[in-house]
Amino acid sequence: PHKKNGASLKSHTSKKLHIMKMKKINFFLITILVAAVALFSSCKKDAKIEKSLWSKGGEWTIESLNATQTSTNPSDNYSETVYNYGTFTFKKEGTGTFIITVDGDVEAGIFTYTNTEDKLTMIMGNDARIMNIQDWKKDAITLSITETYESNDEIVTYKEVMNLKKK
């Protein structure tokens, strides 16, 4: 009888270990599956944003630009919104052009760009602007950037929000 109970105990313990091992393997596989789905869907969103940038001619109107500056010197603080600020034209190979119009003054140039699902990086000359993609739809994007720097012994925070619409 003792052997039978000992064999039964050993068998029961072996089954428990097998079940625990299977739970660990299942947990591991589920974790990998969730990570793969997240990676795939984020890559998919990256690709969708990229394609929407350059498709249908790639021309986007900057419908509005809101700029806000706060400084340790209150007299330098301001906030303004400019409408119909200009255009960005994105090309498939990661390049583009821009035209900015403010009070009749026109500035035009070229840029290169890359994107992730939540950032758009534009390099214009020696200036890299890494903008947050706050909202994205096929024909509308809201971008923002916040920069903090020191100027004349003042700490300045500059924030810009651009609303782009596909032409």
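**Contacts, fold and aromatic pairs in a predicted model**

In the protein chain, residues 24 or more positions apart make up 43% of the contacts with a separation of 6 or more, where contact means heavy atoms within 4.5 Å. The model is predicted, so local features need pLDDT of at least 70 and side-chain atom pairs count only at pLDDT 80 or more, while totals for chains, interfaces and linings use all residues. Residues are numbered from 1 along each chain as its sequence is written, and side-chain values use heavy atoms, with hydrogens and water left out.

The protein chain contains one helix and eight strands, arranged along the sequence as α-β-β-β-β-β-β-β-β. Helices (H or I, at least four residues) and strands (E, at least two) are DSSP runs, numbered from the N terminus. Of the 167 residues of the protein chain, 27% count as buried; buried means under 20% relative accessible area, exposed over 50%, and partly exposed in between, with a 1.4 Å probe and protein chains only.

Residue S71 lies in strand β1, which spans residues 59–71. The relative accessibility of S71 is 13%, and S71 therefore counts as buried. With residues up to four places away in sequence left out, S71 touches D76, N77, E154, I155 and V156. A polar atom of the S71 side chain also lies 3.0 Å from the backbone nitrogen of N73.

Aromatic rings were examined next. Rings of Phe, Tyr and Trp (its six-membered ring) pair if their centres lie within 6.5 Å; planes under 30 degrees apart count as stacked, over 60 as edge-to-face and the rest as tilted. By this rule there are five aromatic pairs. In one of them, the ring centres of F88 and F90 are 6.1 Å apart and the planes stand at 55 degrees, so the pair is tilted. Both F88 and F90 are buried. The rings of F90 and F111 have centres 5.3 Å apart and planes at 70 degrees, and this pair is therefore edge-to-face. This pair links distant parts of the chain, since F90 belongs to strand β2 (residues 78–90) and F111 to strand β4 (residues 105–115), 21 residues apart. F111, like F90, is buried. Together, F88, F90, F111 and Y113 form one aromatic cluster.

How values were computed:
Polar contact = N/O pair within 3.5 Å; in protein donor to acceptor, adjacent residues only side chain to side chain.
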